[in-house]
Amino acid sequence: MTNSWTDIRNTDLVVIMGGNAAEAHPCGFKWVTEAKASRGAKLVVVDPRFTRSAAVADYYAPIRQGTDIAFLNGVINYCIANDKVQWDYVKAFTNASYIVKEGFAYQDGLFTGYDAEKRDYNRSTWDYDIGPDGYAVVDDTLQHPRCVWNLLKAHVAQYTPELVERITGTPKDKFLKVASMIAECSSKTKTMTSMYALGWTQHSKGSQNIRTMAMLQLILGNIGVRGGGMNALRGHSNIQGLTDVGLMSNMIPGYLTLPTEREPDFNAYMSTRGFKPLRPNQMSYWQNYRKFFVSFQKSMWGDAATAENNWAFDYLPKLDVPAYDILRAFELMKQGKITNYICQGFNPMQAFPNRGKLTEALSKLKLLVVMDPLETETARFWENHGVYNPADTAKIQTEVIQLPTTCFAEDEGALVNSGRWIQWHWPAGSPPGEARTDAAIMAGIHLRMKELYRKEGGAFPDPILNLTWTYKDPHEPTAVELTKELNGSVLRDVPDPNDPTKKLLEAGKQVAGFGVLRDDGSTACGNWIYSGSYTEAGNMMARRDNSDPDATGAYLKWSFAWPANRRILYNRASCDIDGKPWDPTRKLIEWDGSKWTGYDVPDIAVTAKPQDVGPFIMNPEGVSRLFARGMMREGPFPVHYEPFESPVANLIAPKIRGNPVARVFKDDFAQFADTASKEFPYAATSYRLTEHFHYWTKNNHVNSVLQPEFFVEISEELAKEKKIENAGWVRVWSKRGSVFAKAYVTKRIRPLMVDGKPVHIVGIPIHWGFVGAAKKGFPANVLTPFVGDANIETPEFKAFLVNIEPTTGPVA
Amino acid sequence: MNMELSRRQFLKTAGAGVAGTTLGAMGFGAIEEAYASTIKPFRLVNTTEVRNTCTYCSVACGILIFTKGNLAKGEKADITHIEGDSDHPTNRGTLCPKGAALLDIVKSETRLKYPMIRRAGSDRFERISWDEALDKIARTLKDDRDANFIARNKDGVTVNRWVTTGFLAASATTNETAWCTYKTVRSLGMLVFDNQARV
Amino acid sequence: MFPPIPNPPVTPTPAKFGEGDLIRRSASNLRVPVEFKEPVAKLIDVSKCIGCKACQAACLEWNELHEEIGTFNGSYTNPPDLTENSLTLMRFTEWVNPETDTLEWLIRKDGCMHCADPGCLKACPAPGAIVQYSNGIVDFDHDRCIGCGYCVKGCPFNIPRISKADHKAYKCTLCSDRVAVGQGPACQKACPTQAIVFGTKTQMKEWAEGRIKDLKSRGYKNAGLYDPPGVGGTHVMYVLQHADQPSLYAGLPDNPRISRIVEAWKGVTKYVGLGVMGFAAIAGALHYLVAGANKVTPEDEANAEKLTEGGRS
């Protein structure tokens with residue numbers, strides 16, 4: 001989230017599209033009902049199903065899953081055509097005026113530089129014209145035919161209300177109603193918030209779904225302001241933190257990236273990071289990359305990371321592929337190229353697509369280790385449960401070690417919420433049986449391996465032997481010890497250059513913030529964005545002062561928000577070019593003539609003049625990007641692409657199947673249903689129900705009472721056509737698998753007219769499996785396709801094809 | 001932080017329409033009376049209250065865990081009830097149907113209690129000690145790393161990577177656990193490393 | 001935002017109401033207290049309800065109730081009906097508004113309404129098995145319940161359920177144990193959107209007015225408060241988008257009232273205590289008055305008789 005849960009109270013219009021906040025985040029959704037009740041805000045829901053969010057919405061419009069870009073490009077087109085643009089914002093804070101290089105073009109669904117064989121682009125033309133002064137060329141009048149604004153205008157012109165209806169199935173009048181409600185928020189004193197989640201991410205073009213809305217929000221001037229923003233409602237309690245700390249194949253904590261093998265040494269690595277500003281005076285915050293990187297290396301390897309060995313640069317593994325994401329991992333596993341796999345609090349047998357493939361892959365492992373507080377299908381993938389898990393137990397040679405871990409109620413530490421608040425919690429109960437903390441288990445593995453390498457030697461033992469491990473009890477590092485490493489500390493005194501009798505930094509002290517981190521090895525910091533969370537003043541994450549001056553919803557003294565305790569990102573954009581709030585009733589910060597003051601921590605230097613420094617400090621331009629340059633693999637502007645399994649061909653580019661740059665493994669392509677398949681005629685989508693949390697709460701009695709048994713949702717029209725009765729058994733199958741479910745025949749799903757053809761929707765909740773308290777059932781991943789988003793590989797769980805028939809139920 | 005103070009902060013900023021709070025609204029004077037026969041004794045009396053955060057989604061609701069026995073004092077502590085923390089700015093004491101039943105996940109019959117091993121081809125799990133389990137994991141990992149570690153790629157570039165063992169990190173563990181995990185995994189040169197952010 | 005009630009106490013706290021505040025007691029004469037406590041109420045704003053069932057979960061957890069894990073029955077309403085363990089239940093109705101031709105998903109939290117004029121209490125032949133406090137809470141005393149099921153017949157909202165395990169009647173207590181220490185009911189505390197709020201009945205009516213005004217501004221011209229006069233008003237009230245048609249909401253009675261039979265029966269019990277009449281006579285009389293089946297077996301009656309003869313009167 002750019003903003004916070006409590007900030008939603010400040011909005012005028014909530015658009016829930018690509019999510020279902022009432023269902024998945026009820027307690028955060030309270031701020032929507034609060035905005036409605038106290039401010040008269042309106043709620044719009046756009047979703048294939050009439051959801052629990054829709055139940056309390058002011059307006060609901062249906063949409064076919066996987067067509068959000070067409071809808072949103074249509075809204076952008078509507079705003080431009082009807083002059084519903086926050087012009088001062090667009091001109092000052094976006095790259096609308098930047099001139100794009102000659103050679104960049106778009107035609108028939110593709111941009112310049114496409115290579116069909118590689119399924120990738122040469123993105124060299126997707127950039128600005130750079131002037132002789134080294135800065136990007138701009139035209140503040142927006143007259144230049146190649147300025148971003150004019151290219152965008154031309155790009156979205158195709159998405160007329162008529163075309164939107166033909167692609168999305170949203171009736172034109174409903175589309176226009178939503179578009180007009182959104183367009184009203186181009187006013188400086190009206191703000192819209194976008195609340196989205198997996199409904200946008202779980203597509204083969206998920207990143208572009210989100211980007212399209214972000215562009216719309218920029219055009220309306222709604223980023224950086226109270227009650228506005230792009231608000232990703234993250235799913236798990238600390239998935240934000242796990243990402244912040246970089247537990248991904250290609251990440252270093254704080255959104256630094258691992259080197260690739262095309263960057264053979266430290267200089268080559270740094271040459272593509274640490275961007276120089278693209279416009280005068282801009283902060284271009286990644287200029288500090290080296291400080292963060294060196295401090296990270298010092299945190300990992302202490303004295304072993306020296307200037308001479310380039311701060312132990314070679315201790316880091318170098319990537320040969322963009323990422324070893326989960327889909328690639330299971331593909332490699334299936335090919336027999338992975339020997340061992342460790343799952344920590346994760347149940348991939350339920351959570352990844354194409355369960356048949358997952359079982360095949362896990363069966364090829366030598367050792368599977370599962371650390372979890374609960375029984376999981378993954379730990380028992382070899383166990384035969386009839387139709388629910390038809391494993392050939394005796395043939396599966398994988399050894400499985402299942403390790404019991406503590407849960408939240410028994411451990412201490414911090415979790416990062418969707419609004420980036422890092423909140424500390426304390427342990428309350430004794431763990432059951434012999435359960436141990438995850439940290440103790442990781443310590444157990446590390447210390448044993450270190451001992452083996454010390455005794456036996458082996459492949460490159462240095463990074464293991466030299467890993468900083470200075471905990472009081474090395475077998476059980478405490479949360480406080482670990483979090484102090486994340487915050488960072490001073491390794492040796494740094495004298496004050498102005499007064500040598502004074503010290504700028506004193507060895508042994510916690511750093512106060514990332515502003516003091518250095519690239520000379522005198523500071524260590526596990527994760528620069530968490531700097532300031534545990535300082536010499538103590539544990540900032542444990543702060544519990546819930547005061548909120550003038551009820552802005554900021555709560556600056558409650559816990560700690562990264563970065564630098566900032567509650568709304570890009571908050572400088574809440575003011576005009578002179579530093580005055582766009583909406584005085586919703587002041588966030590303000591330029592008082594010499595400095596920035598207000599309710600939040602400003603995201604530019606407190607004395608940076610408003611006319612000089614742009615709000616988007618991580619971008620070398622200082623402004624936001626309506627044109628993404630080469631940052632997105634599909635292109636700098638969003639294009640409508642169909643899901644890989646679609647009931648219709650792509651209307652704007654009939655020859656393009658799915659996202660043209662999404663990675664698809666060969667065997668998986670063969671398991672996709674054809675476009676407009678007669679064998680699999682229905683458009684399916686999978687989703688969560690409010691009574692359950694993923695695959696956890698089926699272990700709970702109460703939640704199993706509230707939603708006991710697997711079902712699928714279909715319209716009355718489809719039920720009639722297929723002679724399916726409410727609460728009767730059905731079989732649903734895709735090209736990858738088959739499930740039995742009860743049918744829920746509901747008015748909340750209606751067939752959509754897509755280019756003159758009715759498209760029926762089958763809704764599939766995801767929560768059931770073969771272990772736990774709830775009735776045994778099937779998870780949705782039996783059916784879903786093995787393909788991910790082109791940029792970040794989130795699987796396409798939201799749009800695929802199935803067939804359905806009435807049946808007498810499973811024979812167990 | 002003074003809790004009474006924090007409560008007052010909320011009351012000060014309360015919406016218009018209702019004067020004050022329901023606090024004391026049922027107070028009916030200061031009479032100290034015995035409970036009536038239909039009224040159960042209040043079951044949180046003499047429990048220990050501990051502040052925590054809900055383990056499910058990233059709204060991160062503040063919760064209160066009530067225990068018999070005080071873990072902070074080194075006692076065995078049994079969790080008897082969990083409810084929302086009224087002082088928390090986001091949830092204001094409320095919880096969703098998952099949060100309101102958090103006690104059930106702590107006490108689930110399918111909570112794991114002991115390390116177990118399923119041997120090749122077997123149809124069941126058997127108990128194993130922690131030391132046996134961790135020794136076996138370390139041995140297996142080291143053998144695989146030594147056999148498959150790639151120090152240099154075919155162009156002779158130092159790459160120091162290990163891609164035949166993978167690690168899938170969690171989504172509900174703390175930052176501190178995440179850091180401890182990161183250090184362990186990354187120092188091995190492991191690249192097949194991901195978390196639940198994608199799903 | 002309705003101000004949250006502060007966190008619960010963990011030290012012994014004096015009860016805020018008790019035996020001395022009883023104003024009605026089934027099948028008994030009662031000396032009414034001199035001082036009435038201020039009536040409390042739970043307000044359920046259906047227009048804010050997202051049907052998440054946090055109220056159901058919180059009710060089961062707080063009251064340590066064990067409901068059976070059922071099956072899918074063609075609706076999100078789970079279990080399909082109130083039970084002796086599910087004292088509250090979200091009832092889901094998909095309704096196409098004929099005026100606007102749009103779908104409305106009406107979700108109502110069902111449970112005891114805590115009537116000011118409680119039909120259950122009036123129908124109850126067991127002395128003291130059902131009581132009403134001056135703050136409005138209607139509560140069951142299971143030690144005194146004889147499981148006859150007349151409270152079910154007497155209830156205009158069809159709320160109490162007879163346990164298959166102990167053959168006693170169960171319903172929502174408004175978490176009288178929580179209210180006694182200054183807390184709101186468990187369902188109210190949990191409710192994520194504050195669709196449930198709790199306070200004095202005066203406060204709740206005032207709060208409801210603001211909600212109704214908001215709903216009218218959004219086009220719900222018949223939005224209103226459900227506080228039915230036929231039962232003397234209730235201590236659980238609803239804000240409804242369509243207050244002119246309560247029955248849209250999974251059969252909420254349009255105009256609930258205590259059946260005349262029960263009113264007549266009330267006349268009998270007022271003057272003749274159970275101990276005087278003897279249980280068989282009472283059962284017979286009520287049988288005569290209340291047409292239709294009741295589930296009292298001869299065994300139950302015998303047990304009940306033993307109980308009542310054991311000195312409870």
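Reader: Which residue in β7(B) is the bridge partner of A:C343?
Author: In this predicted model, strand β12 (residues 340-344) of chain A and strand β7 (residues 158-168) of chain B pair in the parallel sense over four bridges. Strands are DSSP runs of E with at least two residues, and helices are runs of H or I with at least four, both numbered from the N terminus; two strands pair if DSSP finds at least two bridges between them. In β7(B), A:C343 has as its bridge partner B:L168.

Reader: Thanks! At what pLDDT do side-chain atom pairs count?
Author: Residues are numbered from 1 along each chain as its sequence is written, while chains are lettered from A and ligands numbered from 1 in the order in which they are written. In this predicted model, totals for chains, interfaces and linings use all residues and local features need pLDDT of at least 70, but side-chain atom pairs count only at pLDDT 80 or more.

Reader: What is the average twist in the open sheet of chain C?
Author: That sheet has four strands in the order β9-β2-β11-β10, with mixed pairing. At its edges, β9 (196-200) and β10 (224-226) each pair on one side only. From one strand to the next, the twist averages 25 degrees.

Reader: And which residue in β9(C) does C:K42 stand opposite?
Author: Strand β2 (residues 40-45) of chain C runs antiparallel to β9(C), and five bridges join the two. In β9(C), the residue opposite C:K42 is C:F198.

Reader: Are α4(A) and α10(A) roughly parallel or roughly antiparallel?
Author: Helix α4 (residues 68-81) and helix α10 (residues 206-219) of chain A have axes that come within 9 Å and cross at roughly 15 degrees. Axes are lines fitted to C-alpha atoms, for helices over the stretch in contact (C-beta atoms, placed from the backbone, within 7 Å), with angles from 0 to 180 degrees between N-to-C directions. Angles under 35 degrees count as roughly parallel and over 145 as roughly antiparallel, with 65 to 115 roughly perpendicular and the rest oblique. The two helices are therefore roughly parallel.

Reader: Lastly, which helix gives the most to the side of chain B that touches chain A?
Author: The contact takes 110 residues from chain B and 140 residues from chain A. With 13 residues, the helix that gives the most on the chain B side is the one at residues 130-148, α3.

Technical notes: Contact = placed C-beta atoms within 7 Å.
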